[in-house]
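I'll jot things down as I go.

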Amino acid sequence: MSEKKRILIKFSGEALAGNNGFGIENSILKYIASEIKKLILSDIEVGIVIGGGNIIRGVSAARDGLIKRTSGDHMGMLATVINAIAMQEALESSGLEVRVQSAIQMEAFCETYIMRRAQRHLDKGRVVIFAAGTGNPYFTTDTTAILRALETQSDMVIKATKVNGVYDKDPHKFEDARFLDTLSYEDAMKDEIKVMDNTAIALARDNSLPIVVCNMFEEDNLLKIIKGDYSNCSVVK
């Protein structure tokens, strides 16, 4: 590639759980680490945001009112830190240099997020995992992904999922669901599509940041996308 690329990859927490539906599946960590290593060896700078849904979701924790929404979201932030530490271990075991930066101070486990420090880590070829969301309740890790991508001047956000892109309606429920290879930010905010939450998409739209949705379990998919092959994914722009 003629110029160095910097990307941010958003993984859902649920993807780490595999078929168990809860917790962390080591085989999936190893697979993700191998895919990220291919990017680093191709001189691509990589930031990562991981959700916490495999452990707890703030909205779900606060559903019956016993736990306040703010506390539920704080619990969700801690879940993302657990996932980030697990991912750090997997990446380091594959020979990569990794830093976890948390939006909330917890120096015993990881660095506190500082934008310029994160940029320097990326400049040096280290993978940076951004944990604890934005550090604020009521904001999702989707919004975190867009925010950190903008702050680190990333070229795109890749949302790595269990499906090969975006459909106009749920393909599991409707046989006539149509695959969308390209869609606008406005289309991505429609209730029946919902690529990310509206706050995240609006932030991407206002800053012209492309979002690519792909299947994380297709080998070499991430590398193909960064090299310009969008044949098996959906692009929001």
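**Entry 1: the cavity.** Before counting, I needed the word: a cavity is a set of grid points where a 1.4 Å probe fits but cannot get out. I'm working on a predicted model, by the way. How many cavities of 30 Å³ or more does the structure hold? I found 1. The space in the largest cavity comes to about 30 Å³. I wrote down its lining as F11, Y31, I32, E35, M216 and L222. Helix α2 gives the largest share of that lining, with 3 residues. Sorted by class, I get 5 nonpolar, 1 charged and no polar residues.

**Entry 2: the core.** Next I looked up the largest nonpolar core, which has 45 residues. Those touching the most other members are I36, L39, V46, L91, V127 and I129. Helix α2 (residues 26-41) turns up again, supplying the largest share of this core with 8 residues. I then checked I36 and, leaving out residues up to four places away in sequence, its contacts include I9, F11, V46 and L222. There is also a second, separate core of 27 residues, with V49, I146, L183 and V213 among them.

Entry 3: Last, I turned to the largest pocket, whose volume is about 1,000 Å³. Which of its 41 lining residues are closest to the centre? I noted K10, E14, R57, D142 and K159. The lining splits into 13 nonpolar, 16 polar and 12 charged residues. Here α4 provides the largest share, 6 residues. Among the other elements giving at least two residues each, I listed α1 (13-17), α6 (141-151) and β6 (156-161).

Conventions. Residues are numbered from 1 along each chain as its sequence is written. This is a predicted model: local features need pLDDT of at least 70, side-chain atom pairs count only at pLDDT 80 or more; totals for chains, interfaces and linings use all residues. Side-chain values use heavy atoms; hydrogens and water are left out. A nonpolar core is a set of buried Ala, Val, Leu, Ile, Met, Phe, Trp, Tyr and Cys residues joined through side-chain atoms within 4.5 Å. Buried means under 20% relative accessible area, exposed over 50%, partly exposed in between (1.4 Å probe, protein chains only). Helices (H or I, at least four residues) and strands (E, at least two) are DSSP runs, numbered from the N terminus. Contact means heavy atoms within 4.5 Å. On a 1 Å grid over the protein atoms alone, a cavity is a set of points where a 1.4 Å probe fits but cannot get out, and a pocket is an open set with protein on both sides within 12 Å along at least five of seven lines; lining residues have an atom within 4 Å of a point. Grid points are joined across faces, edges and corners, and a volume is the space filled by probe spheres set on the points. Ala, Val, Leu, Ile, Met, Phe, Trp, Tyr, Cys and Pro count as nonpolar, Asp, Glu, Lys and Arg as charged, and the others, Gly among them, as polar.
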